[in-house]
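Hi everyone, thanks for coming. I'd like to walk you through one model today, so let me put it on the screen.

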Amino acid sequence: MLRVRQGDEAAYAQLVATYQDRLIGLLTNLVGDRTTAEDVAQEVFLRVYRARQGYEANAKFSTWLFSIAHNLASNTRRTKGRRKETQLAASESSGPQVAPMAQLVAEKSALMPSRIMARAELMEKVQAAMETLNDRQRMALLLHKFEGMNYIDIGAAMEMTPQAVKSLLSRARDQLRVALEEYAK
Amino acid sequence: MDKMKRVTVEDRDNFVAYLDGELSPEEAKSLESVLADSPVARKDVELLVRTYDMLDLLPRPQATVEFTQRTMATIKLSGITPDLTQTEWYKRLQVGIVALASVGVLAVAGLLAYASTSRWAPTDEDLLLRDLPIIMNLDDYQHVGQHEFLEKLEGQPSLLQEIQEEVRTPNGH
């Protein structure tokens with residue numbers, strides 16, 4: 001990132017390549033679909049590049065990146081929510097398509113069809129349970145699960161104290177437990 | 001008897017942090033003893049683990065092949081220039097401008113203060129000027145003498161009349 005600060009575009013392309021999958025994976029589960037996630041991810045990278053001069057060498061790049069991603073994802077969800085309200089009819093066909101079934105099937109081709117089906121259904125239940133969480137709970141949970149971030153880093157990315165992250169995650173996980181208890185056999 | 005041990009709200013709040021390894025050693029030890037004594041708590045913790053593991057089912061799509069290129073092309077196309085407000089020299093410039101403005105305000109205030117004191121606070125010369133008419137007629141005033149004498153004179157109309165007549169006919173009789 002220090003090279004990027006000096007205007008090294010090749011270095012930035014390298015950074016984008018390093019973080020793009022992690023960011024898109026996270027954003028897909030935050031905004032609901034992959035296409036929107038890619039758009040938001042691109043905007044995140046644009047903003048990071050634009051603000052490169054403000055990057056402090058002692059700050060963790062991933063924390064900074066996910067902090068921007070969190071804000072943009074929240075805005076996108078709010079905008080999508082408003083759009084959904086006004087386009088009720090259209091929403092049915094283009095609703096959250098977080099589950100790219102073909103991809104999942106391809107990945108799990110070694111499994112029996114019935115098991116694939118069961119897995120897909122289970123995934124939908126998990127997605128539905130995630131939808132019951134608020135934006136902050138979802139973000140904290142994904143940062144912890146996908147990125148393996150500790151409470152301090154999550155707090156830095158979400159502008160919260162570690163103590164606040166602790167109670168946020170406690171409530172989120174408890175909510176998840178209640179929603180998924182019957183499937184967690 | 002131990003199996004009936006109640007789990008407090010605080011213990012429950014610590015379950016997740018315990019699983020995440022975010023409790024202090026003392027807190028973890030205390031919670032472990034609670035878990036050892038409470039099958040209900042153990043079941044809850046187990047469910048927390050299992051439901052958390054279910055998040056592995058969530059999709060984690062990868063970026064499309066052209067994502068990096070597209071992003072870099074967008075950066076070039078939009079001619080993104082760095083946000084100047086984030087640069088070090090901009091921040092220094094801001095501090096400089098504020099300092100300069102403060103000095104300016106202080107200078108103006110000083111000038112105003114000087115102007116107002118020289119305008120309204122009287123100097124020795126102002127006092128002399130103010131008293132100039134008195135100074136110029138000081139001799140006459142000294143000739144008049146005391147006020148008491150003039151007041152007495154006013155109280156004796158016959159004497160006053162005599163003086164007036166004398167003034168009218170200075171050569172008298």
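Let me start with a question: which residues in α8(A) meet which residues in α9(A)? Keep in mind that this is a predicted model. From α8(A), the residues are A:Arg136, A:Met139, A:Ala140, A:Leu143 and A:His144. On the α9(A) side, they meet A:Ile154, A:Ala157 and A:Met158. If you sort this contact by class, you get six nonpolar residues, one polar and one charged.

Now, how do these helices sit against each other? In general, we describe two packed helices by the angle between their axes and the distance between those axes. Here α9 of chain A covers residues 151-158, and α8(A) packs against α9(A) at about 135°, with the axes 10 Å apart. The angle is why we call α8(A) oblique to α9(A). As for handedness, α8(A) and α9(A) make a right-handed crossing.

Let's move over to the place where the chains touch. How many residues does each chain bring to the contact? Chain A gives 45 residues, and chain B gives 31 residues. On the chain A side, the elements giving two or more residues are α2 (9-31), α3 (34-50), α7 (113-131), α8 (135-147) and α10 (162-180). By class, the chain A side has 20 nonpolar residues, 13 polar and twelve charged.

In chain B, helix α4 spans residues 67-77, and α2(A) packs with α4(B) at an angle of about 135°, their axes 9 Å apart. That angle makes α2(A) oblique to α4(B). The crossing of α2(A) past α4(B) is right-handed.

And who meets whom there? From α2(A) we have A:Glu9, A:Ala13, A:Val16, A:Ala17 and A:Gln20, and these meet B:Phe67, B:Thr68, B:Thr71 and B:Met72 in α4(B). This contact has five nonpolar residues, three polar and one charged.

Finally, a word on confidence. Chain A has an average pLDDT of 84, and 83% of the residues score at least 70. Where does pLDDT stay under 50 in chain A? That happens over residues 90-97, and for this stretch the model has four contacts beyond four places in sequence.

That's my tour, and I'm happy to go back to any part of the picture.

Notes:
Residues numbered from 1 in each chain as written. Chains lettered and ligands numbered in written order. Predicted model: local features only at pLDDT ≥ 70, side-chain atom pairs only at ≥ 80, totals over all residues. Contact = placed C-beta atoms within 7 Å. Helix = DSSP H or I, 4+ residues; strand = E, 2+ residues; numbered from the N terminus. Nonpolar A, V, L, I, M, F, W, Y, C, P; charged D, E, K, R; others polar. Axes fitted to C-alpha atoms, helices over the stretch in contact; angles between N-to-C directions. Parallel < 35°, antiparallel > 145°, perpendicular 65-115°, else oblique. Left-handed = near helix turned anticlockwise from the far one by under 90°. pLDDT = per-residue confidence, 0-100.
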